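Visitor: Good morning. May we go through this structure together, starting with the aromatic residues?

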Amino acid sequence: MSNPFVQFVEPLDPKQPLKKFFNLSKLEDVRYARLPFSIRILLEAAIRNCDEFLVKKGDVENILNWKVMQHKNVEVPFKPARVILQDFTGVPAVVDFAAMRDAVKKLGGDPERINPICPADLVIDHSIQVDFNRQSDSLQKNQDLEFERNKERFEFLKWGSQAFKNLRIIPPGSGIIHQVNLEYLARVVMDQDGYYYPDSVVGTDSHTTMIDGLGVLGWGVGGIEAEAVMLGQPISMVLPEVVGYKLVGNPQPLVTSTDIVLTITKHLRQVGVVGKFVEFFGPGVAQLSIADRATIANMCPEYGATAAYFPVDDVSIGYLIQTGRDKEKVMCTKRYLEAVGMLRDFKNSSQDPDFTQVVELDLHTVVPCCSGPKRPQDKVAVSDMKKDFETCLGAKQGFKGFQIAPDRHNNTVKFNFEGCDFELAHGSVVIAAITSCTNTSNPSVMLGAGLLAKKAVEAGLTVKPYIKTSLSPGSGVVTYYLRESGVMSYLSQLGFDVVGYGCMTCIGNSGPLPESVVEAITQGDLVAVGVLSGNRNFEGRVHPNTRANYLASPPLVIAYAIAGTIRIDFEKEPLGINASGKKIFLKDIWPTRNEIQAVERQFVIPGMFKEVYQKIETVNKSWNALDAPSDKLYTWNPNSTYIKSPPFFDGLTLALQTPKTIEDAYVLLSFGDSVTTDHISPAGNIARNSPAARYLTSRGLTPREFNSYGSRRGNDAVMARGTFANIRLVNKFIDKQGPQTIHFPSGEVLDVFDAAERYKQAGHPLIVLAGKEYGAGSSRDWAAKGPFLLGIKAVLAESYERIHRSNLVGMGVIPLQYLPGEDAGTLGLTGRERYTIVIPEKLKPQMNVQIKLDTGKTFHAIMRFDTDVELAYFHNGGILNYMIRKMAS
């Protein structure tokens, strides 16, 4: 190889021959040392994978003057070392691959060219639900039901693991994708093909950023974008700005990593970091464990950044050893990082890079907090929770309001559960879940929860039996150290039995609430509460019957479960009164940092990780027994309601179609701010009165067999009908929440899918109007595929979350953005007009296009194709069409 950045070095491992690696620091230019560490990895990957990058985009001078490059919209062809998927996003990816093989064959190409080139790991963690809890056999029952519901999907995935090279499946019951990545899959430094180079990853889950906490540069992308990467296509991205986030000081004794991350989330939302990298530095970082850093990095999508990067330091190296990685390889990793100037010392300010912008947080100022009731960025100090919730009750309907009349704030409803009488009110906790990748990867908060549970039980406290409590660890290691440290039995006594290894409540797989609880909530129109240690609490996500949902640390989840209500001031009011009549306050049972750390040092040991992960791919007997076909082309079953060949490639030819002006489009939906991918493509329950339910019923299924939208992402007929099916959807055309809209030609109010079908049959194109942060949340490719199938040609929004804009581009849907200072209000748009979007013959990235209304009004908007590569995708009708033509020719 002639690349000038390849260097030969002394053997880093005496047992191996000489290795080569790319080393920008060999340029001996002081400007290299000023590059943010995340930018070094990004540029290294671009140079390593794309020799022409230097020729096309400038010389070494420009590479090092990255701030200058930023303002020139320089495209960087980033080709990550790995791809990681979970089953909700992985099933449609494998479905697409199977359909692409069929399409390539029809066009005369070799179908086996559709195959992952780089390593791809798919972790099954999204399918299990909390159907059973508070029973010693809940875990086994939930896992058995998971296989009963999802056997067809699992057989399909097993076929994929055999039909495609480089695709590894981590079976169900193993843990949550990001924790498995952190504890097992991540390399930190790749050792392949005679080269050392930094590990990097993109994933089909937005919280892929969690791995940034270990010093592996990674982020979430759309499923269709990940498929292109797996086929060898680099991600073309504009060189990002990097916000340096300086941490100083020491956390207070009662503060957890959850409190820190919720504080940072609110802060960075206010700063504005959408589309940027955030890189953490400063002496405060040295105070954080890798689990703490991973928690902060995990929440990156909630503050909108592309990546939230912590460079590798000695703490990172220690974590690799703690989690059972091979010591010789770890030492080789350290020597490589030292050789290329990539091992960070956070206490040494001379290593601090230049950043586009610097913001600072003193960790000592962080206080215990939660976030809610409807968004992760709405942080509330625990001391203010009672007052804040009561304010939200009466506030206008919105992110911080439920619009409950003042005379109903203290309403209560009596009900009977298992022969005993209870009472619910506004603020009553009905779901309390220790769940999600965000916190269950962190031994300090998990052991903290266990120690709090021990003290609560010993003090005589209990949790009311109707509250749906659950514990879903991120990996088997968590159960191991909870059990070995002796706290598992106390968690069980409070109802927090292990119910499964997966995302569960955090993604809406909460399972049913008791009927009497649902009836009481409905009867009183109560604002019931879910408290979870998760990362998202958007409306309609956690459970249809919990209108308020709060993110909290695992110890606080247990505390609120014991209290039974969110309307409690822990400083003034007791958690409960024990059998002896003694009032027990939260401060009486809250474990100290020293207590937690002592238990962690004793029980979180490398042997646990080795024992759990050495059998991770073979331990699930149900998975091992699955019988999957071995053909390279998939045989589609026309009777399947889970796996269906998608229509995306019907009629595809080798010849390109010239993009045409969108003529007289109707507006299907008109939205305000913060419409999430949960609103666009929900993952939870399929409502019995929905278009998807009617379709499944017509195929002979009963409501018990509907499963969830997430589980049916391999069937476009279900997913198209589930698009904009969230029961909390707020469409400006309708005066109440719900998945409906107005079909303007007839004036009828219809379900969104039914209205779109009417428009499609009449040959009318559609668009969507939206406000700020359109597409926030999970990186769901169906949030773009679904609108495409509904006939939506463009979205006009004030701003986009990064992954969703990329997904729209990937499906050939045009993301339009209002000019600065303009929006629907300033332009006087009602959404009842018809829109003509003029598409010029010659397109350029981020060009302005003209939009004409049938009222005679004309205005301009930015066409958010940000790079030439994205324009190439658009000309092909999307990324997958582009790849099929490339493979077929």
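Guide: Let us begin with phenylalanine 648, which is buried at a relative accessible area of 10%. Buried means under 20% relative accessible area, exposed over 50% and partly exposed in between, with a 1.4 Å probe and protein chains only.

Visitor: And phenylalanine 649, buried or exposed?

Guide: Phenylalanine 649 is buried as well, with a relative accessible area of 9%.

Visitor: What should I keep in mind about the model itself?

Guide: The model is predicted: local features need pLDDT of at least 70 and side-chain atom pairs count only at pLDDT 80 or more, whereas totals for chains, interfaces and linings use all residues. Residues are numbered from 1 along each chain as its sequence is written, and side-chain values use heavy atoms, with hydrogens and water left out.

Visitor: How many aromatic pairs are there?

Guide: The count is 30 aromatic pairs. Rings of Phe, Tyr and Trp (its six-membered ring) pair if their centres lie within 6.5 Å; planes under 30 degrees apart are stacked, over 60 edge-to-face, and the rest tilted. Tyrosine 245 and phenylalanine 280 form a tilted pair, 5.4 Å centre to centre with 55° between the planes.

Visitor: Where in the chain do those two sit?

Guide: Tyrosine 245 belongs to strand β12 (residues 242-248) and phenylalanine 280 to strand β13 (residues 277-281), so the pair links distant parts of the chain, 35 residues apart. Helices (H or I, at least four residues) and strands (E, at least two) are DSSP runs numbered from the N terminus. Tyrosine 245 counts as buried at 0% relative accessibility, and phenylalanine 280 is buried with a relative accessible area of 0%.

Visitor: What is the geometry between phenylalanine 648 and phenylalanine 649?

Guide: Phenylalanine 648 and phenylalanine 649 form an edge-to-face pair, with 6.3 Å centre to centre and 75° between the planes.

Visitor: Which residues do ring pairs link into a cluster?

Guide: The cluster consists of Phe97, Phe156, Trp159, Phe164, Tyr634 and Trp636.

Visitor: Changing topic: what is the volume of the largest pocket?

Guide: The largest pocket has a volume of about 1300 Å³. Of the 45 residues lining it, Asn685, Ile686, Pro703, Phe706 and Asn707 are the closest to its centre. On a 1 Å grid over the protein atoms alone, a pocket is an open set of points where a 1.4 Å probe fits, with protein on both sides within 12 Å along at least five of seven lines; lining residues have an atom within 4 Å of a point.

Visitor: Which elements give two or more residues to that lining?

Guide: They are α7 (138-163) and α20 (515-524). Helix α7 gives the most, with four residues.

Visitor: What about the second largest pocket?

Guide: The second largest pocket holds about 980 Å³ of space. Its lining has 36 residues, and nearest its centre lie Gln657, Phe788, Lys793, Gly812 and Gly877. Helix α34 gives the most to this lining, with four residues.

Visitor: One last item: how many residues has helix α17?

Guide: Helix α17 (residues 443-458) has 16 residues and reaches 22 Å from its first C-alpha to its last, close to the 22 Å expected at 1.5 Å a residue. The expected span is 1.5 Å times one less than the number of residues. Among the buried residues of α17 are Pro443, Met446, Gly450 and Ala456. Glycine 460 follows α17 and has a positive phi, near 90°.

Conventions. Points joined across faces, edges and corners; volume = space filled by probe spheres on them.
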